[in-house]
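Me: I would like to go through this model by question and answer, with each term given its cut-offs as it comes up. Please show the sequence and the structure.

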Amino acid sequence: MAKQEDQFKKVISHAKEYGYIFPSSEIYDGLSAVYDYGQNGAELKKNIREYWWKSMVQMNQNIVGLDSAIFMHPTTWKASGHVDAFSDPLIDNKDSKKRYRADVLVEDYAEKLNIKAEKEIAKAEKRFGDSFDREQYEATNPRVIGYREKQKSATARLAKYLDADDLTAVKALIEELEIACPESGSKNWTDVRQFNLMFGTKLGASAETATDLFLRPETAQGIFVNFLNVQKTGRMKIPFGIAQTGKAFRNEIVARQFIFRMREFEQMEMQFFVRPGEEMKWYEHWKETRLMWHKSLGLGDENYRFHDHEKLAHYANAAADIEFNFPFGFKELEGIHSRTDFDLKAHEEFSGKKLQFFDPELNESYVPYVVETSIGLDRMFLAVFSTALQEEELDNGSSRTVLKLPAVLAPVKAAVLPLVKKDGLPEIAHQIIDNLKFDYNVIYDEKDAVGRRYRRQDAAGTPFCITVDHDTKEDGKVTVRDRDSMEQERVDIDELQTLLDKKINFKHWMS
Ligand code: ATP
């Protein structure tokens, strides 16, 4: 645990030191759970957004994009259920005065049991070696069975109580499981209460005439209210999708995990409209497709797992999370939800407008069903960044800090380094930059010995260094150093473009 915490601290300080993420308004001591992206962070974030957008919109003939406003008519949030039901159950510890989400306390308790079971299995695997049969061991070892049963029972009971809105039972469950405050170790809890997560604001010049508005807590509703606009003007035929990225706001009860849980964050969502009755097929399709998208980045297949929901949101008939192994354990990175026709039907009812599709093959009109994929851009940033940050022991006994960002996402693709600041080498370096800059973000660095410059670029996440030396003047070749393997090769200046393209271009990553 301590090791994980150390790693997480390193992630946060590295993100600041290398211009990725700063606390918001830091000169005023920051603002809780709000962060700013620095010069490198803004690029990485943009590249992740683009990687998502291209794979959704550009790669699929039947998915189009949208950019709807953050402010929406207030009735939107009545119809969507957010005014009545977008709340989290909160609980305070009376001794530490710390506030928690009651559901998260129980989920963390269950995850600890899961970790214990996994440890038990790993120990046995070591003992038995090749002859180990995981399935059989899981089914027969009494300790593993015990952990798993306790885990299942806790999450099932939590789901049942939350479904019934029985907050007294949720508190009783926390007490029965003897869950203690992670901060103080105390079990002295307040009652559980519901807390609405939407931020309110006002639209209008004077207090009397102003309208109450909400800052959108998800981008999805902007897609639903534009369903007909897009379908008609784009002549879209079912099945089709509408994708959107943009800011969302939630007054989170507990926000102590850096950019994992923010009060202002960005979502990348896609709503896929399908024929009623075909939603489960598409739900499975999008679960698989989204997992493949994640795996394409090479952060390690073992870092992902699905978590099927037991407690379904008011609008869903199936839901799963793609969880990622963050520095603090497996947590939700993306949600895939089968939202039925809940949203469109609700908007029909509240607006009095028909939101239907005439299906020429069936010769009938219906309200489409929806499968949603919803991922937090900031969470994706954290997944990429925290996995990329590594401390490596080198053969010569020294070590290096390296940020192994996927090249397709790296903020700066290459640094061009003249070996010395004279003899015409800087001029050649600038010429190389001028040629590459139309396609790639490349930078110039001439300060310090070249070895130190390599280390600096390693830590900043730059995948390639291009070094110009005295031989370059004779043979027109430069040295290209790969950040991850540290291997160097001599390359013709004219071939740099092709080489970088092979390593960086989106198409080589997605195919
Ligand atoms: P959680 O259970 O962690 O609160 P959620 O189930 O409420 O998340 P969704 O409403 O499904 O999340 O939102 C879709 C995605 O938006 C999440 O998978 C996550 O990546 C991202 N997200 C949600 N809330 C936040 C937040 N406060 N900060 C950053 N990203 C968030």
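Me: Which residues does Thr 340 touch, not counting residues up to four places away in sequence?
Reply: This is a predicted model, in which local features need pLDDT of at least 70 and side-chain atom pairs count only at pLDDT 80 or more, while totals for chains, interfaces and linings use all residues. Residues are numbered from 1 along each chain as its sequence is written, and side-chain values use heavy atoms, with hydrogens and water left out. Taking contact as heavy atoms within 4.5 Å, and leaving out residues up to four places away in sequence, the residues that Thr 340 touches are Tyr 315, Asn 317, Pro 368, Tyr 369 and Val 370.

Me: Why does Thr 340 count as buried?
Reply: Thr 340 has its place in strand 13, where helices (H or I, at least four residues) and strands (E, at least two) are DSSP runs numbered from the N terminus. Buried means under 20% relative accessible area, exposed over 50% and partly exposed in between, with a 1.4 Å probe and protein chains only. Thr 340 counts as buried because its relative accessibility is 14%.

Me: Which residue has a polar side-chain atom 3.0 Å from an oxygen atom of the ligand?
Reply: Polar contacts here are pairs of N or O atoms within 3.5 Å. Through backbone atoms, Met 262 lies 2.8 Å from a nitrogen atom of the ligand, and Leu 333 lies 2.8 Å from an oxygen atom of the ligand. The polar side-chain atom that lies 3.0 Å from a ligand oxygen atom belongs to Arg 379.

Me: Which residues of helix 12 are buried?
Reply: Helix 12 spans residues 342–351, and just after this helix Gly 352 takes a positive phi of about 75 degrees. The cover over its buried residues includes helix 3 (75–79), helix 9 (220–225), helix 10 (227–233), strand 10 and strand 13. The buried residues of helix 12 are Asp 343, Leu 344, Ala 346, His 347 and Glu 348.

Methods: A polar contact is a pair of N or O atoms within 3.5 Å; within protein, one must be able to donate a hydrogen and the other to accept it, and residues adjacent in sequence count only if both atoms are side-chain atoms.
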